[in-house]
Amino acid sequence: MCGIAGFCNFKGNYMEESPKWYDILNKMKYTIRHRGPDDNGQYLTEHAGLAHTRLSIIDLTGGKQPMSRRIANKMFTIIYNGELYNTAELRQDLELKGWKFRTTSDTEVILLGIIEYGNEFVKELNGIFAFAIWDEYNQTLSIFRDRLGIKPLFYTIINDTLVFGSELKVLFEYPGCKPVIDKQGLCEVFGLGPAKTYGNGVFKDCYEVLPGYYNVYGKDGLKSIKYWELVSSPHTDSYEETIEKTAFLVKDSIKRQMISDIPICTFLSGGVDSSIVTAVCAIELEKLGEKLNTFSFDFDGNDKFFKANSFQPSRDRPYVDMMVSHLKTNHTYLECDNLKLADYLYASVDAKDLPGMADVDSSLLYFCSEVKKYNKVTLTGECADEIFGGYPWFHNKESFEMHTFPWSKNVEPRKQLLKDDLLQEVNLEEYILAAYEKSVKETPKLEGENSMEARRREIAYLNIKWFMITLLDRMDRTSMYSGLEARVPLADNRILEYVWNVPWDIKCKDGVVKHLLRESARGLLPDEVLNRKKSPYPKTYNPNYEKLLADRLMAVLEDSASPINALIDKGKIKNFISTPSDYGKPWFGQLMAGPQMLAYMLQVNYWLDKYKIQILL
């Protein structure tokens with residue numbers, strides 16, 4: 001993976017002050033150097049500047065960017081972040097068209113494909129990507145994002161200039177672009193956070209290219225073009241055919257995403273999803289006489305303090321042991337202690353530029369930094385629950401009847417720490433409801449579907465557009481912060497498009513959660529793992545961690561210079577800290593309960609201070 005950044009303005013000439021603008025491109029690169037520590041480059045012309053930082057995975061010597069190609073008097077330049085998994089097929093087609101390649105990189109395939117077919121060539125790409133192409137002849141800058149939003153791409157328009165980058169921090173390196181939060185931003189942070197509205201950059205006037213879209217900036221302004229969307233249609237395959245096709249798509253996606261000129265590894269939790277990915281990778285490498293590196297994560301003290309609940313019924317370790325024994329992988333057990341978990345809360349804000357999933361983020365950030373010591377590319381089991389219906393809210397009656405996001409069903413925990421005058425300024429309930437209803441209204445309908453299936457489709461759509469994106473953001477930022485490329489083969493758009501229309505009585509036959517995915521993997525995993533009840537990403541249950549957070553937050557509140565003092569009520573915080581935590585009643589997702597509320601507030605304070613954010617009410 002890599003980092004990209006740039007700017008475009010048609011009313012001036014960057015070359016007239018080229019040293020100044022090269023310096024700005026350098027600053028943009030520097031802010032995201034963690035995404036691509038192996039190499040970097042920049043490109044400046046009259047109306048556009050492009051910057052790139054590279055993590056070398058494919059064509060280690062020939063894939064330098066920005067990459068340009070001149071055809072007659074037409075110059076095209078690309079900067080690209082991502083991996084393309086159907087490079088060979090697309091390259092062969094372009095060679096038949098007469099194109100001569102200078103590298104073996106997927107970057108060149110995309111560049112020549114766009115030159116040959118135009119921007120709609122993006123529809124042919126199977127991969128995860130965010131890229132920009134400057135068309136010197138037609139004077140347009142086009143910025144593209146993959147179908148599911150796996151790779152990030154933010155932008156703003158300031159003084160007739162389009163400024164864009166892989167991370168929000170890049171935008172603030174452009175002159176005049178300042179970090180400002182208004183009422184809408186506060187609603188995002190306190191009402192929807194750590195999720196955020198798709199397309200919304202949280203900071204005022206900052207946006208994200210929507211998944212499945214590309215934007216074209218020209219002399220007549222910015223145009224947003226949709227090139228992909230989910231389509232609801234009748235499912236005509238038999239049960240057996242559905243299992244067979246799903247098995248093919250899952251295995252094909254995993255095999256495609258193993259492509260790399262350097263060794264790969266996998267995250268292995270002992271759950272069904274990561275175990276399937278690991279099994280396919282291990283089997284393929286065994287054919288080459290190679291062993292797969294695998295990594296599992298846990299927390300210091302969980303052997304003593306772990307508390308089973310309806311969300312997290314079991315620890316991962318016994319199931320990891322089964323998979324390691326079954327596949328004979330080179331396995332490393334990683335643990336995070338309380339101090340690292342708390343300290344990395346701040347680094348995870350640095351990585352995301354926003355408050356995140358508290359210690360769910362900070363722990364993964366730490367683990368990724370450890371994995372990077374062994375490998376630069378990993379495959380994970382992310383997104384299976386959203387696509388195959390694994391979460392509790394796909395199954396319980398309460399979720400079907402509530403009129404809000406099922407992973408954040410009660411707004412009260414979000415309000416209980418905020419100042420009363422702030423709550424009067426920002427109507428969190430109204431903002432949340434509007435966001436929810438907008439997404440439900442967008443859900444692709446299927447004519448003739450009964451009310452139960454229609455509602456289930458709405459819940460699935462909410463998961464794909466909101467919860468899955470939150471986890472994908474987390475995976476991208478925490479991995480790329482350490483220069484680790486994380487791939488998510490179960491989020492292949494072909495899998496989503498197919499499974500989206502599979503009826504529930506096949507997806508979860510006989511009430512078995514993710515039955516379709518389990519059956520598609522039969523024979524790959526030991527039965528104990530294949531039939532394991534869902535258990536999410538691990539978390540710490542050590543009471544000393546909560547005390548550490550409480551002490552830190554009280555120290556923040558005692559400091560009159562702490563910016564969060566303008567937003568939260570000290571008395572409410574003290575009362576919250578004195579109340580015993582209920583780990584089984586999270587306020588977001590399945591993992592964020594009482595301790596994570598304290599951690600989230602620590603993140604908010606650090607974020608406000610680090611970015612020197614101006615709050616507009």
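## Helix α2

The buried residues of α2 pack against β5 (74–84) and α3 (106–117); contact means heavy atoms within 4.5 Å. Helices (H or I, at least four residues) and strands (E, at least two) are DSSP runs, numbered from the N terminus. This is a predicted model, where local features need pLDDT of at least 70, side-chain atom pairs count only at pLDDT 80 or more, and totals for chains, interfaces and linings use all residues. Residues are numbered from 1 along each chain as its sequence is written, and side-chain values use heavy atoms, leaving out hydrogens and water.

Helix α2 spans residues 87–96, and T87, L90, R91 and L94 are buried there. Buried means under 20% relative accessible area, exposed over 50%, partly exposed in between (1.4 Å probe, protein chains only). Seen down the axis of α2, the buried residues fall within an arc of 100°, so they line one face of the helix. The arc is that of the directions from the helix axis to the C-beta atoms. The face turned away from the buried side carries the exposed residues A88, Q92 and L96. Just after α2, G98 takes a positive phi of about 105°.

## Strand β1

Seven of the seven residues of β1 (residues 2–8) are buried, so the strand is largely enclosed by the rest of the structure. C2, I4, G6 and C8 point one way, and G3, A5 and F7 the other.

Strand β1 pairs with β3 (residues 48–54) in the antiparallel sense over seven bridges. Two strands pair if DSSP finds at least two bridges between them. G6 stands opposite L50 in β3. Four bridges join β1 to β9 (residues 161–165), and these strands run antiparallel. F7 stands opposite V163 in β9.
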